[in-house]
Amino acid sequence: LLKENNYQDTSVKVFDHHSVVLLFPLYMDSLPVTLLKFMAVLEVSSRRYDKCPMLYSVINCGLKESSHNDLAALMVQFFASTNRFPYGGTLSIGSGENIMATYFKGKVKKKIRQFAKAVGANQEENLEVQYPLGIGLFLKSSRKYWTQQGASNGVSAQEMESMKIEG
């Protein structure tokens, strides 16, 4: 888990492995700032090593379509190519956490296993998975999921729909 106080230590540990998976949520069609800051440190660290591990990415997007992850995947791929890291590929997950609360979670688990096998073998693999039904059913399922999540944290659907962010 990346934290601002462990970027340097983590960047050095990366080079102890043959492959490294960057797992992150999509933020505004891009990489989270925490990951961007870490990648800046990793770029500097990579100059001290003759060989860099293969980089992979697993990107989770809250929107239905996994294609929203494409730009972020390209950003990781560009980082890899400009810093001597071989790029192994991306597992692009659409539909966010919601898909894991449906009977489609088996599809996601299958893709995760397939991707993990490729990472373990240091092979290239690009996979994607998303909620396979129409947008109406996705929205209904998402609303149910987030209403339940809110309720488990003492927040009603009405409170989540309001513009009031903090108490």
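Tutor: Ser92 lies in strand E3 (residues 87-93), where strands (E, at least two residues) and helices (H or I, at least four) are DSSP runs numbered from the N terminus. This is a predicted model, in which local features need pLDDT of at least 70, side-chain atom pairs count only at pLDDT 80 or more, and totals for chains, interfaces and linings use all residues. Residues are numbered from 1 along each chain as its sequence is written, and side-chain values use heavy atoms, with hydrogens and water left out.

With a relative accessibility of 7%, Ser92 is buried; the term means under 20% relative accessible area, with exposed over 50% and partly exposed in between (1.4 Å probe, protein chains only). The Ser92 side chain has two polar partners to look at. One is the backbone oxygen of Ser66, reached at 2.9 Å, and another is the side chain of Asn69, joined by a polar contact of 2.8 Å. A polar contact is a pair of N or O atoms within 3.5 Å; within protein, one must be able to donate a hydrogen and the other to accept it, and residues adjacent in sequence count only if both atoms are side-chain atoms.

Beyond neighbours within four places in sequence, Ser92 is in contact with Ile59, Ser66, Asn69, Leu127, Glu128 and Val129, contact meaning heavy atoms within 4.5 Å. Ile59 is also linked to Ser92 as its bridge partner in E3. Strand E2 (residues 54-60) pairs with E3 in the parallel sense over six bridges; two strands pair if DSSP finds at least two bridges between them.

Now for the whole sheet: four strands form an open, parallel sheet in the order E1-E2-E3-E4. Strand E1 (19-25) and strand E4 (127-129) are at the edges, each pairing on one side only.

The cores come next. The largest nonpolar core has 23 residues, and Val14, Phe24 and Leu55 are among those with the most contacts inside it. Such a core is a set of buried Ala, Val, Leu, Ile, Met, Phe, Trp, Tyr and Cys residues joined through side-chain atoms within 4.5 Å. Helix H1 (7-14), E1, helix H2 (33-46), E2 and helix H3 (70-82) each supply at least two of its residues, and H3 gives the largest share, five residues. A second, separate core of 14 residues includes Leu91, Phe115, Tyr131 and Phe138.
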